[in-house]
Amino acid sequence: MMAARGNAANKMKAEKKAKEKAQRDSKSGDGLISAEDLEKFQAEQDAIKPNKWLDPEYGSNPISRAWMRASQKIRDFAYGDNFGGFVLFCIVIAGVLVGMQTYPGVETDDNVNLVD
C-alpha cells in the first residue's frame, strides 16, 4: 500500500516536472518579444485611429489647441511616476505646518502664514 502511494506521488511529480519543462520549452526563455509578435503589435497600433479630441494637431482653432496641450501636460503629471511623491510632500509639509502652529507665537509668524 505504501509503495503504491509512493509510486503515485513520484508519478505526479514527474508529470508536473514534464509539464513545467514543456511550458519553459514553448517560451523563448529570453524574455524578448518575437519578431512576429512585434509586427503584429505594430500593425494593431497603426490600425488605431488617433483621437481627435486629445491630439492638438486636430484642433480647429488656437484656443482649443492650447487647451489640449495644457491638458496633456496635466494628464502626464497626474498619471506620471512623480505624482505620488508630490502628494506625499504636500502632506508632510501640511503636517509640519500644523505642528508648528500649535506653539504660541508661531500662529502670527508671517513666514509660516505665507507657506500655509
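User: Why does F77 count as partly exposed?

Analyst: Buried means under 20% relative accessible area, exposed means over 50%, and partly exposed is in between (1.4 Å probe, protein chains only). F77 has 39% relative accessibility, so it counts as partly exposed. Keep in mind that this is a predicted model, where local features need pLDDT of at least 70, side-chain atom pairs count only at pLDDT 80 or more, and totals for chains, interfaces and linings use all residues. Residues are numbered from 1 along each chain as its sequence is written, and side-chain values use heavy atoms, with hydrogens and water left out.

User: Where does F77 lie?

Analyst: F77 lies in helix 3, residues 62-78. Helices here are DSSP runs (H or I, at least four residues; strands are E, at least two), numbered from the N terminus. The protein chain has five helices and zero strands.

User: How many aromatic pairs does a search of the whole structure find?

Analyst: Two aromatic pairs turn up.

User: What makes the pair of F77 and F83 edge-to-face?

Analyst: Rings of Phe, Tyr and Trp (its six-membered ring) pair if their centres lie within 6.5 Å; planes under 30 degrees apart count as stacked, over 60 as edge-to-face and the rest as tilted. The F77 and F83 centres are 5.5 Å apart with planes at 90°, so this pair is edge-to-face.

User: And why is the pair of F77 and F86 called edge-to-face?

Analyst: Their ring centres are 5.6 Å apart and their planes sit at 70°, so that pair is edge-to-face too. Put together, F77, F83 and F86 form one aromatic cluster.
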